Amino acid sequence: MKVTEKDVAYVADLANLELSGEERAGMVRDLNSILGYIERLNELDTSKVEPMAEVSDRYGVDESKQGSERFAYASREDVPEGLRKSLPQEIALENAPDTDGMFFRVPKVIER
Amino acid sequence: MELTQLTIDSARSAVQERKTTALALTEAYYARIQKEDGQIGAFLTLCKERALEQAGRIDRMAAEGKPLSPLGGVPVGIKDVMSTRGVRTTAGSKILGKYVPPYDCTAVARMEAAGAVVLGKTNCDEFAMGSSNENSAFHPVRNPRELSRVPGGSSGGSAAAVAADMAVAALGSDTGGSIRQPASFCGVVGLMPTYGRVSRYGLIAFASSLDHIGPLAKTVKDAAIVLRTIAGRDPMDSTSADVPVPDYVAELEKPVRGLKLGVAKEYFGDGLDDEVRHAVELAIDKLKGLGCQVVPVSLPHTAYAIPTYYLIATAEASSNLARYDGVRYSYRAPGVKSLSEMYRCTRDEGFGAEVKRRIMLGTYALSAGYYDAYYLKAQKVRTLLTRDFEEAFRKVDAIVTPTSPTAAFRLGEKSNDPLAMYLADIYTVTADLAGIPGISIPCGETKEKLPIGLQILGKHFAEATILRVAHAYEQAA
């Protein structure tokens, strides 16, 4: 067992998840099972291999250029309105569970 | 003319030539949904008003004798991870249960601009995380071929809607196989384009370095028509590639004689069902008969794809899903007293078990002390997996494999064993990691009449080649 209940509590905290006692026990079991399977990556020597974040840094770029120049097509002028107008405030607030009509409203952040 | 069995071209022509109307076509599909979807569960939300308005617009054009666009009057489904302005978009999650987007996903907008009639939003695994559609927070989807079986996932609703004649075609999304595997399970065509080929603007993000939008359709030609419609650079998505879009439909008719097809033993090993193996081998023979040359290739790191995928995808998901905090969208847990309690309770109540599992795995893989061992390691193995394909594609034009190791499994069969479920994607995740395109087309059935899928993988931006091979096989089969 690599992942303990203490690890699960710590990670749940990082991920802003509460998890019931039953869920925590299930999570210890599932994470150990999945991570056990993932262990097989250690069979590979990757000491001389570059990490790959995504595909578009290898393809669809101007290969004659260096660095961020290769993605020249993806850059644009920095204009105040962007590519489309910002959403009007009332529309941006429409899906919020709680607002005062101007701002998103949340429970008190600082407790005395 | 059976209205619900038309292809894109035949539906569009019927509307153009006034043999039917877009309104009649749309009503016929809604009637079919009304009759069939109670037992299948492919749709989560119908948008009849929007559909009828679009159909009316198309009919006016047809009545005036104006030429219709390629999807003029064609009823389609849209996976519920793509934003639709004014139409509820849930990603199959309770946390977005009442979310109504203020804008349209680019792919949806392009479909509508080409005349498509959006019938509604199709069911899926929550945040596209799953291989059976059992992770939908609303209800599972059943396989139209056999209701005790899953339709595959995560685009199970899109695949089932097309298979059950409840849509001519549909859009899905593929992060680890979520277009191709359900296409295979439901006996339809499913295409995942190259990474960057189709804009993801308005797609609810799961794993941004792996997410793709693509079509599910009844024929290869229909898939080509949809791809031609949605492909191409979109200034709203900086990851969409500035690569010209060929006429995929015209390219279908080019000959396949002389094309080199790779067959990798790594895709025919343990775990592959005998009936699936047999069907795929017969399909390869058929392609040989069409003049393709079959060449053995090696993809030696294939066995490492699932662990690599489940580290990268979950790490990205843990970050992408951090935004669901009860402030801006839809669901907030009731009765909370502090901000921190609000975040936790909202996410606890709003996310389902699999989503929480993946957020936990991803957060763990990114956490201090584990980053190098897990996330960075996975990124390095991703390089090795991609090199495997680069090497193979020096020798061949496309690679043919089974889409999934088995035909559709039963509901409940794997739902208590996450690892067993993950292995259902063993032949599909590799293409997502390498960013190459892949298509699944039907290639026969098991003794129990369950569809089997043939997967054809291509080089980056070589969708035209895999579509051409798929089309040639489909015409000959």
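In helix α1 of chain A, residues A:E5, A:V8 and A:A9 meet A:R24, A:M27 and A:V28 of α2(A); two residues are taken to be in contact if their C-beta atoms, placed from the backbone, lie within 7 Å. By class, this contact of α1(A) with α2(A) has four nonpolar, no polar and two charged residues. Here Ala, Val, Leu, Ile, Met, Phe, Trp, Tyr, Cys and Pro count as nonpolar, Asp, Glu, Lys and Arg as charged, and the others, Gly among them, as polar. The model is a predicted one, in which local features need pLDDT of at least 70 and side-chain atom pairs count only at pLDDT 80 or more, whereas totals for chains, interfaces and linings use all residues. Residues are numbered from 1 along each chain as its sequence is written, and chains are lettered from A and ligands numbered from 1 in the order in which they are written.

Let me turn to the geometry of this helix pair. Two packed helices are described by the angle between their axes and the distance between the axes. The axes of α1(A) and α2(A) come within 9 Å and cross at roughly 110°, the axes being lines fitted to C-alpha atoms, for helices over the stretch in contact, with angles from 0 to 180 degrees between N-to-C directions.

Chain A as a whole has three helices and zero strands, and reads α-α-α along the sequence. Helices (H or I, at least four residues) and strands (E, at least two) are DSSP runs, numbered from the N terminus. Of the 112 residues of chain A, 17% count as buried. A residue is buried if 20 or more other C-beta atoms lie within 10 Å of its own, exposed if 12 or fewer, and partly exposed in between, with C-beta atoms placed from the backbone.

Helix α2(A), residues 21-38, has 18 residues and reaches 26 Å from its first C-alpha to its last, close to the 26 Å expected at 1.5 Å a residue; the expected span is 1.5 Å times one less than the number of residues. Which residues of α2(A) are buried? They are A:M27, A:D30, A:L31, A:I34, A:L35 and A:I38. The face turned away from the buried side carries the exposed residues A:G21 and A:E22. The buried residues of α2(A) pack against α1(A) together with α10, α12 and α14 of chain B.

This brings us to the contact between the chains, which takes 58 residues from chain B and 46 residues from chain A. On the side of chain B that touches chain A, α10 (305-320), α11 (339-350), α12 (353-366), α13 (372-392) and α14 (418-422) each supply at least two residues. Helix α13(B) gives the most, with ten residues. By class, that side of chain B has 30 nonpolar, 16 polar and twelve charged residues.

Finally, two positions in chain B. B:F185 has its place in helix α6(B), residues 180-186, and is buried, with 36 other C-beta atoms within 10 Å. Beyond its neighbours within four places in sequence, B:F185 is in contact with residues including B:N143, B:V150, B:S404 and B:P451. B:C105 lies in the loop between β2 (75-79) and α4 (106-113) of chain B, and counts as buried with 27 C-beta neighbours inside 10 Å.
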